[in-house]
Amino acid sequence: MDAHVAADPREDAYSRPLDTIDVSVPEIYQNDVYQPYFERLRREDPVHYTADSHFGPYWSVTRYKDIMTVAVNHQVFSSKWELGGVRLEDQVQGYERPSFIQMDEPDHGERRKAVSPVVAPANLARMEGLIRERTNMVLDGLPRNETFNWVKEVSIELTSRMLATLFDWPLEDRHRLMYWSDVTVCHVDTPDAPVHSEAERYAELQKMATAMKALWDERAASNAPRFDLISMMAHADATRNMDFRELLANCSLLIVGGNDTTRNSMSGGVWGLSKFPDEYRKLRENPELVPSLISEIIRWHTPVLHLRRTALADFELGGKTIRKGDKVAMWFVSGNRDEDAIKDPHDLIVDRPRAREHISFGFGVHRCVGNRLAELQLRILWEEILKRDLEIEVMDKPTYLRSNLIHGIRELPVQIH
Amino acid sequence: MPDVTYIEFNGTAHTVEVPIGTSLMRGAVDNNVPGIDADCGGECACATCHVYVDAAWLDKTGLPVPGSQEAAMLSFAAVAQPDSRLSCQITMREELAGIVVRMPEGQH
């Protein structure tokens, strides 16, 4: 599908034959033209089959309710890396990454439980002070009345520091974690991607895993309990004997999960509120709406565009028969704009009723493990912005990542007044 | 209408009326009782309406069926206990009039 070059995406979305709609094309997210294609699919073909794509044949599930059905049915809809994993882009043979997100029960659950205490309520309470201190420092250091990139100066700065803390990784080396995050999520055929082949990607992630393994060995040998992701995996029964490949896979998963999604929500929120100035005004007058704002930003931006499953059995959905072995994409970015589930879904509404019921964290046993930490970081950011009464003027449209997986914002030029 | 008492983690109790046939999750959310997030809106898909059922009521509510979706979701909750339930899966009925449930430290 060459939709990314269509002069009028809406006209293109509604005029082309339905069976040629292919929402896996990364350019439609890079060029921010994807919504009309999903709008048509939700109305005319909500469970949609694309026979031919760069990523092979696949089903698109586009409505909120149908995504929920797939997400909670892990008995039929598998995440296993052996079957291709959780992205439309299959795992390439020899370079598979067996992280716990790409496992079914009980393997997934056992490993997930080894790391989930880091984001449990008691630990979040312990981290709140540190997050606020860093947020204050970053906001107070921003230039006034000159254009800068919000993504680099705020979103990456805050989430990279958080990630270093989660891994107890040297703070001064946090840019390396960001690099490995970008390496993990990129499409290797993107011209300015950090790596250009699966072999190169794997080689870079091996460097990451080697560095992590050194910390791992040191921490595994120590009996003093430490509360970072590496120590927890090194000491938990389900994970202490992980081989190098699984260590690589899980570290790369936790690096992406631990920063990329929150980073993009931090940027997406500024962009969203700039498009709805009356809502920003309402927020400034009612700062107690921040928790509701955070859920709404996470819905409106939808940092993870899709996750994929593989059917283990034939399954009827929306009048279609998904066959055993078929690839199925849950398009969260579409479910969050489903007019049948969410009123005025394209509007960012800071006091939206039942704002928590968005689909961005997924549902079922694979639901986002770090969701409360993400919300905490975003809440503190917006509380501190409001406390300072910052007027954030967006100078130009965001520059988006070329990706069908991560709804990434690379640049968002702003001025603060 | 029968009463339900929800006790927050900090000890604050809220006694509200919950109609027969309504879930305890919905009863809390509709009455603005804090401490129940209910992110999935009652689909048993998120474990953020987690409660501990008071010992005196456990035999009436029962425990999640092993192998059920509720049991699977609860196994991922941060602070699950033997008396944990998802309140979206407890539907109000006559014999539960007066039931007491407690909220965990956080919904996760």
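This section describes the fold of chain B and the strand pairing in chains A and B of a predicted model.

The confidence scores of the prediction are considered before the architecture. For the model, ipTM is 0.93 and pTM is 0.96. Within chain B, the mean pLDDT is 95, and 100% of the residues reach 70 or more.

Chain B contains three helices and five strands. Read from the N terminus, these elements follow the order β-β-α-β-α-α-β-β. The radius of gyration of chain B is 12 Å, close to the 13 Å that the globule rule gives for 108 residues, and chain B is therefore as compact as a globular protein of that length. Along the principal axes, the C-alpha atoms of chain B occupy a box of roughly 30 × 25 × 25 Å. By the burial criterion, 43% of the 108 residues of chain B count as buried. Contacts in chain B were also examined by sequence separation. Among those with a separation of 6 or more, 66% are accounted for by residues 24 or more positions apart.

The five strands of the sheet in chain B are arranged in the order β2-β1-β5-β3-β4. This sheet is open, and its pairing is mixed. Its edges are formed by β2 (13-17) and β4 (84-86) of chain B, each of which pairs on one side only. From one strand to the next, the twist averages 35°.

In chain A, an open sheet is formed by three strands in the order β4-β12-β9. The pairing in this sheet is antiparallel, whereas that of the five-stranded sheet in chain B is mixed. Strands β4 (148-149) and β9 (392-394) of chain A lie at the edges, each pairing on one side only. Strand β12 (residues 413-416) of chain A is connected to β9(A) through three bridges, and the two strands run antiparallel. One residue pair in this arrangement consists of A:Val394 and its bridge partner A:Val414, the latter located in β12(A).

Technical notes:
Residues numbered from 1 in each chain as written. Chains lettered and ligands numbered in written order. Predicted model: local features only at pLDDT ≥ 70, side-chain atom pairs only at ≥ 80, totals over all residues. Helix = DSSP H or I, 4+ residues; strand = E, 2+ residues; numbered from the N terminus. Rg over C-alpha atoms; globule rule 2.2 N^0.38 Å. Buried ≥ 20, exposed ≤ 12 C-beta atoms within 10 Å, placed from the backbone. Contact = placed C-beta atoms within 7 Å. Pairing = 2+ DSSP bridges. Axes fitted to C-alpha atoms, helices over the stretch in contact; angles between N-to-C directions. pLDDT = per-residue confidence, 0-100.
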